[in-house]
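This report describes selected features of one protein model. Please consult the sequence and the structure shown below while reading.

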Amino acid sequence: MDYVHLVPQPKSIHVQSSWGMLSHPFSVTNQAYHPDEIDLLNRLSRSKWIVSDDPFLIMRFTDSLPKEGFKIQTLSNRLILEYSDMNGRRYGLDTLSQLIDYEHMSYPICEIKDWPSIPIRGYMLDISRNKIPLLSTLKEVIDQCRKLRLNHLERYVEGKSFEIQSLKEHFQEEPLLLAEFLELEIYAKQRGIDLVGNMNTFGHMTDWLADQTFSSLAECPDGFVQWGFPFPPSTLNPLHPQSHAFVQQLLEGLLPHSTSGYFNINGDEPFELGRGHSKIRSEERRVGKECRSRLSPHHSHNKNPTNT
């Protein structure tokens, strides 16, 4: 046997032709484990593992590997997992669980080394397309991201899909609640994933502009035509003095609560820009400067923008 199929394929793998057998009971290093690591150990041992001072699976920290890296040595009577940090440990456990032939309770004798080539590996999930995902569904998404070894997850918000507590009276249907976001943030962090806020602040504002309270902030209050089809107003007027205040109110509904060092100030698809109230400034080629000065929030709350 000279090849083992692993997902993702590690940077280095050397496989021998011999096999080892899992011990019974399956014993592991006596240390604290995160909930997802307990799940991995359950999968690895078929839920039959104990802690021991002389374990079958030895796990130990090393500073000789890159960030999020791990090294696995499978011997005939021992499994050894070395890791550079907690993500390296959970990635190593996941790889070990893929090595086991559970029909024969055996594993190939091999040595594996792996670490990420890209430091931030992310996915953006749109939660604003009519059906807002349940909290349980979002946790499943986080679990899948962990299996894919992603460490950055953004949940894209537009319209009224996320609770802004200062604007509660404008929500007719229940959005993703702030308390749910905070619970998700903890759940993600326990799995080595940074849950990052992402909120549209320019285009895709249709739901808000349909609200009589904010309709005067539209770039094209009567709607617009795009690709030959009529659309309702969807873009904020960057010249309106209340547009900046409104964007700040939206962002303040999340920024102070998020513990991530990143935030995506999304300005996606302002289709009407330069076709309504800002038309004259656009023709003078000054509308871009106006957008930056009026709609770009101050870099508060010590967040790094992910979209620059």
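Leaving aside its neighbours within four places in sequence, with which residues is Ser258 in contact?

## A serine in a loop

The model examined here is a predicted one. In this model, Ser258 is in contact with Phe181, Glu185, Leu195 and Lys303, when its neighbours within four places in sequence are left aside. Ser258 belongs to the loop between α6 (241-252) and β13 (262-266). Its relative accessibility is 5%, and Ser258 therefore counts as buried.

## A valine in helix α6

Helix α6 contains Val247. The relative accessibility of Val247 is 0%, so this residue counts as buried. Val247 and Thr201 are 46 residues apart along the chain, yet their C-alpha atoms are separated by 5.9 Å.

## The pair α1 and α2

Two packed helices are described by the angle between their axes and the distance between the axes. For helix α1 (residues 35-45) and α2, the angle is about 20 degrees and the axes are 9 Å apart. An angle under 35 degrees counts as roughly parallel, and α1 and α2 are therefore roughly parallel to each other. The crossing in which α1 passes α2 is left-handed.

On the side of α1, the residues that meet α2 are Asp36, Glu37, Leu40, Leu41, Arg43 and Leu44. Their partners in α2 are Met86, Arg89, Arg90, Leu93, Asp94, Leu96 and Ser97. Sorted by class, the contact of α1 with α2 comprises six nonpolar residues, one polar residue and six charged residues.

## Arginine 89 within α2

Arg89, one of the α2 residues that meet α1, is located in helix α2 (residues 86-99). Is Arg89 buried or exposed? Its relative accessibility is 2%, and Arg89 therefore counts as buried.

When residues up to four places away in sequence are not counted, Arg89 touches Gln31, Ala32, Tyr33, Glu37, Met59, Leu81 and Tyr83. Among them, Glu37 is also listed on the α1 side of the contact between the two helices.

## The pair α3 and α4

Helix α3 (residues 135-147) packs with helix α4 (residues 178-189) at an angle of about 25 degrees, and their axes are 10 Å apart. That angle makes α3 roughly parallel to α4. The crossing of these helices, α3 and α4, is right-handed.

The contact involves Leu135, Leu138, Lys139, Ile142 and Asp143 of α3. From α4, the residues taking part are Glu180, Glu183, Leu184, Tyr187 and Ala188. By class, the residues of the contact of α3 with α4 divide into six nonpolar and four charged, with no polar residues.

## The segment before β1

Lys11 is placed in the segment before β1 (12-21). Its relative accessibility is 40%, so Lys11 counts as partly exposed. Leaving aside neighbours within four places in sequence, Lys11 is in contact with Lys113, Asp114, Trp115, Pro116 and Ser117. With one of these residues, Ser117, there is a polar contact between side chains, at 2.8 Å. Lys11 and Ile50 are 39 residues apart along the chain, and their C-alpha atoms are separated by 31 Å.

Pro8 is also found in the segment before β1. The peptide bond that leads from Val7 to Pro8 is cis, and its omega is near -5 degrees.

## Further backbone features

Which form does the peptide bond from His24 to Pro25 take? This bond is cis, with omega near 0 degrees. Pro25 is located in the loop between β1 and β2 (26-29).

Positive phi values also deserve attention. Arg149, a residue other than glycine, has a positive phi near 65 degrees. Arg149 lies in the loop between α3 and β9 (152-157). The relative accessible area of Arg149 is 6%, so this residue is buried. Glu269 is not a glycine either, and has a positive phi of about 50 degrees. The place of Glu269 is the loop between β13 and α7 (279-283). At 36% relative accessibility, Glu269 counts as partly exposed.

Conventions. Residues are numbered from 1 along each chain as its sequence is written. This is a predicted model: local features need pLDDT of at least 70, side-chain atom pairs count only at pLDDT 80 or more; totals for chains, interfaces and linings use all residues. Side-chain values use heavy atoms; hydrogens and water are left out. Axes are lines fitted to C-alpha atoms, for helices over the stretch in contact, and angles run from 0 to 180 degrees between N-to-C directions. Helices (H or I, at least four residues) and strands (E, at least two) are DSSP runs, numbered from the N terminus. Angles under 35 degrees count as roughly parallel, over 145 as roughly antiparallel, 65 to 115 as roughly perpendicular and the rest as oblique. A crossing is left-handed if the near helix is turned anticlockwise from the far one by less than a right angle, and right-handed if clockwise. Contact means heavy atoms within 4.5 Å. Ala, Val, Leu, Ile, Met, Phe, Trp, Tyr, Cys and Pro count as nonpolar, Asp, Glu, Lys and Arg as charged, and the others, Gly among them, as polar. Buried means under 20% relative accessible area, exposed over 50%, partly exposed in between (1.4 Å probe, protein chains only). A polar contact is a pair of N or O atoms within 3.5 Å; within protein, one must be able to donate a hydrogen and the other to accept it, and residues adjacent in sequence count only if both atoms are side-chain atoms.
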